[in-house]
Amino acid sequence: MRKILLIIKREYLTRVRTKGFIIGTIIVPLIGLGSVLLIVFLVGHTATQSLRIVIVDNSGQLAPAIVHGLDGKLADGQPQFTVEQIVSRPASLDDLQQDLRTRINGEKLDAYLLIPPDLDQPFELHMRNPDNFGLVGPLSGAVDQAVISSRLDRRGVHFNDIQTVLKSAELKLLKVSEAGESVEKGQGIAVAIALVVLLYTALLMYGIITMRSVIEEKTTRTMEVLISSVRPFELLAGKILGVAAVAFTQFAIWMTSTALLFSFGVLASLGMTRNSPLAGVHVPISLVLYACVFFVGGYFMYASMFAAIGSACSNEQDAQQLQWLAMAPLVFCMIIYGVILNDPTSRTAVILSEIPFFAPVLMSLRISLQTPPAWQIALSLTLLVLTTVAVMYASAKIYRVGVLMYGKRPSLVELVRWLRYT
Amino acid sequence: MDAIVLENVTKSYDAVTAVNAVSLKVRSGAVLGLLGPNGAGKTTTIRMIMNILVPDSGSIRVLGEVVTDTTRDKIGYLPEERGLYPRMKVLEIIVFLAALHGLTQAEARRRAKAWLDRLGLSEWSDKKLIDLSKGMQQKVQFITSVIHRPPVVILDEPFSGLDPVNAATIQEIMLEMRSQGSTIVLSTHRMEQVERLCDAICLIDKGRNVLDGELRAIKQSYGKNTLHIEFTGGDGFLNHPGIGQITRLISGVEAKLKPGTESQEILKAAVLSDAHITRFELLEPSLSEIFIDRTTRA
């Protein structure tokens, strides 16, 4: 036990002190956060000034309604649009347009809107940059509303009445579970997908880290010294737990910093307020616990598979060919999870989530979508634990033989034969 | 009392028998030279003594007991395939391995510093192993194999890659450990080191123990059958029917006597010939000759 602790400590310290860890844990998320902040900043600050427009009204009646519709405000409370001038039925349209174009080119005006004499004719919006959505979007909305409103007026119907009549009915979604009912706003799927991606990535990433670590000990020939004082099983256990400790540290740093960012209101200012879709995300604590339990089981199973593969190979190239053995079930989960998303209670979903190699991802997914019967969770967990123990036992055997084998990459048949060595 | 006892130890890999019914005793406090051509089974034998490999049959005892994890901490091991974590600092790696052998951190640190000092590496203790030369790395690894003061030390080719000065330092330390009562197994190809350092030898060939015992006794059992003759003039006397293989040296020749031939007969023939003899000596065979003789027998 003392030796396992020493192995864990070394594995942990050397890994946490590397540049790779610091970059992966702190700098990459910072860059990610930084670019989000940058985008938000850029988007939020593109239209800092009121857009100056002129309305040329050939119909002689619609301009006030449009101006009424342009009531958007900027972040600083200034109106989004400043209507500098309304020209109703100009005497010489050509001269006026010539003049307006000059003003736009001289950047004294942002755009002018040409209302046709007949409202069924196309409207024209003249501007330097027709891709400026901040200008086109609200103007087009205001024009639409004004035109519709004017047509309705002619039929003697008031626009506001119609708006009330056409208002969509609200459909409230309620999720029924053993715990009672809760309001569902569609975030359940988002949580489920995020969970699948997170579990898949973490199992794969930390599994491969474990494999690399074993290969490193082999290629540097440190292995021989180590197993002259530590049993291969202790080495394997120490390594898996050491990498697990690194994973835990990484997650703890991410979670803490996310929490800190929230409390400092940085995220709030990014729009993650009550109205944003993320604000309604509710992750039940039971789901977190279940996912953790399934993850731990899955991690030990996959990490020991990856470690065994690493032990059988003399270099990274060989390992890249063999690592598919361990990756295949995880990749399969990513391919198949859509099926379970559609119907988490289907026979396929139930069977797949009971298979230990898929259970860590797929059972967690089912639990997040619709809590399966307790016996299914219990069975899946039991199978997972039993398989994990068996896989760890087999991996330890392969590991014991593999760590001293150099040269040609062993075939699958040879790996199976190693299991029988005493 | 024997420090290491192997009885009928056999180990096979699939079709190949790497070690075949080897029995061997290493006297406590002695330096045993483990000799044999490449691929003879020396490393497999050593790995079985270290309990890294388990023999298919036979038994191994070190210091009177079957090797377990606690026994292993009483053995120092310098493997032939050398290497340590390249990106760890020299001091850290020594302390880590010493702690695995049961030393406390503080004690490990203290001893590591003393050893680094003795081997002239103290200014390198905070450098990464990868920044050291091959020879320096090897000295670091030597430290890790003896830092826990094991009563039994197994050194697999400890001098390969070392310059003469460093080789002499390691040799000196080995003799010092011997005088303190340590038992040392030295696996090497270099016969002159064995002649200088070893009390006993064990010669392994094709997985079998073909010769073992005290070095003195082995040499005596081979008898004095080699003539070292220095002379001027004609060498016709070397055609004597009692002389076997002849090796010509700068100063003269080394001639093997055929069994049953007395050295006196050759001397008589030489004196009667036209050669002028300046030196005539009957020698024990060198270890190299014994080695070649034993390993090339059909």
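Two strands count as paired here if DSSP finds at least two bridges between them. With that in hand, let's walk through this predicted model, starting with a pair of strands in chain A.

**The sheet of chain A**

Strand β1 (residues 51-57) and strand β3 (residues 111-115) of chain A run in the parallel sense and are joined over five bridges. Within this pairing, A:I53 sits opposite A:A111 of β3(A). As background, the strands of a sheet pair through backbone hydrogen bonds, either parallel or antiparallel.

Zooming out, β1 and β3 of chain A belong to an open sheet of four strands, ordered β2-β1-β3-β4, and its pairing is mixed. At the edges lie β2 (81-88) and β4 (124-127) of chain A, each of which pairs on one side only. From one strand to the next, the twist averages 20 degrees.

**A helix pair in chain B**

Over in chain B, helix α3 (residues 90-100) packs against helix α4 (residues 105-118) at an angle of about 130 degrees, and their axes are 9 Å apart. Because of that angle, α3(B) is oblique to α4(B). The crossing in which α3(B) passes α4(B) is right-handed. The table lists who makes the contact.

| Helix | Contact residues |
|---|---|
| α3(B) | B:L91, B:I94, B:V95, B:A98 and B:A99 |
| α4(B) | B:Q105, B:A108, B:R109, B:R111 and B:A112 |

Sorted by class, the residues of this contact of α3(B) with α4(B) comprise seven nonpolar, one polar and two charged.

**Where the chains meet**

Finally, how many residues does each chain bring to the contact between chain A and chain B? Chain A gives 16 residues and chain B gives 21 residues. On the side of chain A that touches chain B, α1 (2-16) and α8 (222-226) of chain A each supply at least two residues. The largest share of that side, four residues, comes from α1(A). By class, the side of chain A that touches chain B holds five nonpolar, six polar and five charged residues.

Definitions and conventions. Residues are numbered from 1 along each chain as its sequence is written. Chains are lettered from A and ligands numbered from 1 in the order in which they are written. This is a predicted model: local features need pLDDT of at least 70, side-chain atom pairs count only at pLDDT 80 or more; totals for chains, interfaces and linings use all residues. Axes are lines fitted to C-alpha atoms, for helices over the stretch in contact, and angles run from 0 to 180 degrees between N-to-C directions. Angles under 35 degrees count as roughly parallel, over 145 as roughly antiparallel, 65 to 115 as roughly perpendicular and the rest as oblique. A crossing is left-handed if the near helix is turned anticlockwise from the far one by less than a right angle, and right-handed if clockwise. Two residues are in contact if their C-beta atoms, placed from the backbone, lie within 7 Å. Ala, Val, Leu, Ile, Met, Phe, Trp, Tyr, Cys and Pro count as nonpolar, Asp, Glu, Lys and Arg as charged, and the others, Gly among them, as polar.
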